[in-house]
4 protein chains.
Amino acid sequence: MPRVRETSRYQQQRLEATRAAATVFAEKGFHGASTGDIASALGIKQGSLYYYFKSKDEALLEVCLLGLRDYAARMDVIAASDQPFEAKLLATISSHLFSYRERNEALKVYNNERLYLSDEHRKNLKKQGTAYRQSLEGIFENGVKDGVLRRDIDCHFAALTVIGMCNAWGELIVRDHELDIFSLVQKCTALVLNGVRSQADS
Amino acid sequence: MPRVRETSRYQQQRLEATRAAATVFAEKGFHGASTGDIASALGIKQGSLYYYFKSKDEALLEVCLLGLRDYAARMDVIAASDQPFEAKLLATISSHLFSYRERNEALKVYNNERLYLSDEHRKNLKKQGTAYRQSLEGIFENGVKDGVLRRDIDCHFAALTVIGMCNAWGELIVRDHELDIFSLVQKCTALVLNGVRSQADS
Amino acid sequence: MPRVRETSRYQQQRLEATRAAATVFAEKGFHGASTGDIASALGIKQGSLYYYFKSKDEALLEVCLLGLRDYAARMDVIAASDQPFEAKLLATISSHLFSYRERNEALKVYNNERLYLSDEHRKNLKKQGTAYRQSLEGIFENGVKDGVLRRDIDCHFAALTVIGMCNAWGELIVRDHELDIFSLVQKCTALVLNGVRSQADS
Amino acid sequence: MPRVRETSRYQQQRLEATRAAATVFAEKGFHGASTGDIASALGIKQGSLYYYFKSKDEALLEVCLLGLRDYAARMDVIAASDQPFEAKLLATISSHLFSYRERNEALKVYNNERLYLSDEHRKNLKKQGTAYRQSLEGIFENGVKDGVLRRDIDCHFAALTVIGMCNAWGELIVRDHELDIFSLVQKCTALVLNGVRSQADS
DNA sequence: AATGAATGAGAGTTCATTCAT
DNA sequence: TATGAATGAACTCTCATTCAT
């Protein structure tokens, strides 16, 4: 079998399979989903799945990678730009929330199921996740340095909170296809920036 | 002669079993955890678990109920009190985050695994979850009415976001036993109230 | 524990337990019935059953013995009497069919479940069953000898057939409590004696 | 490209599996037999059995259907023919008894274990069983109408008795592979027709 | 005389995985 | 490129049985 697996046709099919796996894992969870479920979603037979993935575990890895694709990279671009803090924050939230739409359910799977990966696979992923958080943390730190943000802000805490908030909304985005993400991004950014209290009060 | 399964000894043991199940489900997920895992955590044999639960599904239900115990009730008390908005918000976040400590990992399990409950069991739970969100939403609405909160706040959005944030932090609380929750509560409340931007800027 | 098990009170209770077991075995079969089912039918707890039976197997043995009680003995009496063949046949069928009413479902259990007894227990029972058939066979042989029965009758076959017929009706008797056994006995006897063909024809 | 489970190879193997199940159920009863027993009899591993049957219950259903295959249909043919009563009776008994040989032990299983089928499966079977009895009853009724049978015959009773007798003999046929069924059929028919009493006597 | 509690063996069932075709 | 067939391990659940109380 001469390098069939490098064919672009093969890669195309494999991506389809990964997407199907993402959908199934997102709905039933990694352990709750069977290889048969994924095969069904693809319209092939159970055994045939192994033409695309060496194991169920590898399928999960592929889904996670798909979920993260461009994720950290975009974050770096945002962090490196010389926009003001507000714009960077909005870009971050926007990038994060839109991922949930574009990437099918892969990002949700990454969030919820990645800890079921084999140790080896998980290590590789971890780097990217950490990089993302650190980029965001850096943005906050710069915001403080520039005097745009309050001085007593805990940047680590703030970064984690933004990510957590985005992931919480991500769950709802995946579930509700009608949700207007543009307006959601606005609201999230505004909340993080200004809080809910009326300015007069403070 | 008290009926068997109402013995306080029995109920006591059953609670222990529920706690063990919470720990195991939190770590491995419902489908990833086996009844053997739960039994091991309890120090009994696998089959003996069925003396306390009719099925694995019932165990999950009990864990979810434990996670929600007093949850909505406390929320009602907070909502009904005549404290100012800030105090209510802090009380809510505090109640939510401390639940993650007190209740073992049950609340985390409720958040992540409840959708694997049998349909019937899930229906019963749903009410309590909805009630919680509505209480919180009411608090925000009153805040707006009283002029404490900005007029353009979307209360539904705000309530969901606060819950989402708390749950995101809850994950970390469960994972890191050293985390100082008091300070976490302060930071969360401050962020939601004031946002991160320095006042001068706005 | 000084010979409590010989108390007549104990024996009384044990008989009750055996009857309950008969009912349950008759309905669900030996393997389909659980010791819990029997205990429930008796109104006691599962473990308590072992006060009356050393094992489930012993319970089955007791039920079979109950089903056979007086069974072979009555057959001997009938065979030894000097009534004419017709009377003996009617007595046999009558004794057999009424057993299904009187003995609760024990005789049905004996017929259907005895082969699940442990080897040792089964051997003991076998004697009684064989004796019954041989007695009946003897009655037929005498009938032939006396010229009451046709000469070309195969007595072994005839005996087995009568027993089979009675057991087949026994199933229905157990199931249908309204069945009029008197008239059933008449019909069965008549059929065996005269067949169904109108006399003119032969 | 024929659908998978309709392959003749698959159907062939499934029939083999059903036969194996019949043998095992006949010997140990439905509850007493394990799926492992059936698999062993087939020469495959226990789990592999589920490639052919969705559940043990379905296996029982298949066995029952096999036991009844052509059963009612043959009865209809016999009833519809214009042979004299005697010939119809002989054909019926012959058909019934030979089924016990041909169909492996499936008919015995149908008789003894069908009540352990799930409710739904049992309903479907019931029709066929009832049809058989009614056909036979009709034969008797015609016999009476034609004057071949005695006028006071209870046709319902007679039909049930013949079926019961055949089933009783069926048990022995299954157990004893040497039994001469031709002669058995003769004896059964003669007994039902003429009874055992010598003609002079009546 | 009976029970609460536990056990361990075994059942039915599912499923990831393999492999010849 | 995909499938039919099979496997073996794991899992949930049931149950006969034991025993201290």
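Predicted model: local features only at pLDDT ≥ 70, side-chain atom pairs only at ≥ 80, totals over all residues.
Me: Which element of chain A has the highest mean pLDDT?

Reply: Chain A averages a pLDDT of 90, and 96% of the residues score at least 70. Among the elements of chain A, the lowest mean, 87, belongs to helix α4 (residues 71–80). The highest mean, 96, belongs to α2(A).

Me: What pattern does chain A follow along the sequence?

Reply: The C-alpha atoms of chain A fill a box of roughly 70 × 35 × 30 Å along the principal axes. Chain A has nine helices and zero strands. Read along the sequence, the pattern is α-α-α-α-α-α-α-α-α.

Me: Which helix supplies the largest share of the side of chain A that touches chain B?

Reply: In this contact, 31 residues of chain A meet 31 residues of chain B. On the chain A side, α8 (155–175) and α9 (181–194) each supply at least two residues. By class, that side divides into 13 nonpolar, 13 polar and five charged residues. The largest share, eight residues, comes from α8(A).

Me: How many nonpolar, polar and charged residues has the side of chain D that touches chain C?

Reply: The contact takes 31 residues from chain D and 31 residues from chain C. Helices α8 (155–175) and α9 (181–194) of chain D each supply at least two residues of the chain D side, and α8(D) gives the largest share, eight residues. By class, the side of chain D that touches chain C has 13 nonpolar, 13 polar and five charged residues.

Me: How many Å apart are the closest C-alpha atoms of chain B and chain C?

Reply: Chain A and chain C do not touch, and their nearest C-alpha atoms are 32 Å apart. No contact joins chain B and chain C either. For chain B and chain C, the closest C-alpha atoms lie apart by 10 Å.

Me: Which residues come closest to DNA strand F?

Reply: DNA strand F is surrounded by 39 residues. Elements that each supply at least two residues of this surface include α1 (8–28) of chain A and α1 (8–28) of chain D, along with α2 (35–42) and α3 (56–68) of chain B. By class, the surface has eleven nonpolar, 20 polar and eight charged residues. The closest residues are Gly47(A), Ser48(A), Gly47(B), Gly47(C) and Gly47(D).

Me: Is α4(B) roughly parallel or roughly antiparallel to α5(B)?

Reply: The axes of helix α4 (residues 71–80) and helix α5 (residues 85–102) of chain B come within 10 Å and cross at roughly 165 degrees. Angles over 145 degrees count as roughly antiparallel. Therefore α4(B) is, relative to α5(B), roughly antiparallel.

Me: Which residues of α4(B) make the contact with α5(B)?

Reply: The crossing of α4(B) past α5(B) is right-handed. By class, the contact has four nonpolar, three polar and two charged residues. From α5(B) come Lys88(B), Ala91(B), Thr92(B), Ser95(B) and Ser99(B). From α4(B) come Tyr71(B), Arg74(B), Met75(B) and Ile78(B).

Me: How many nonpolar residues are in the contact of α5(B) with α9(B)?

Reply: Helix α5(B) and helix α9 (residues 181–194) of chain B pack at about 140 degrees with their axes 9 Å apart, which means that α5(B) is oblique to α9(B). Among the residues in contact are Leu89(B), Leu90(B) and Phe98(B) of α5(B), and Leu184(B), Val185(B) and Val192(B) of α9(B). Two polar and two charged residues take part, and the nonpolar residues number eleven.

Me: Is the crossing of α1(C) and α2(C) left-handed or right-handed?

Reply: The axes of α1(C) and α2(C) come within 9 Å and cross at roughly 125 degrees, so α1(C) is oblique to α2(C). Residues in α1(C), including Glu16(C), Ala17(C) and Lys28(C), meet Asp37(C), Ile38(C), Ala41(C) and Leu42(C) in α2(C). By class, this contact has seven nonpolar, one polar and three charged residues. The crossing is right-handed.

Notes: Residues numbered from 1 in each chain as written. Chains lettered and ligands numbered in written order. Near = placed C-beta within 6 Å. Helix = DSSP H or I, 4+ residues; strand = E, 2+ residues; numbered from the N terminus. Nonpolar A, V, L, I, M, F, W, Y, C, P; charged D, E, K, R; others polar. Axes fitted to C-alpha atoms, helices over the stretch in contact; angles between N-to-C directions. Parallel < 35°, antiparallel > 145°, perpendicular 65-115°, else oblique. Left-handed = near helix turned anticlockwise from the far one by under 90°. Contact = placed C-beta atoms within 7 Å. pLDDT = per-residue confidence, 0-100.
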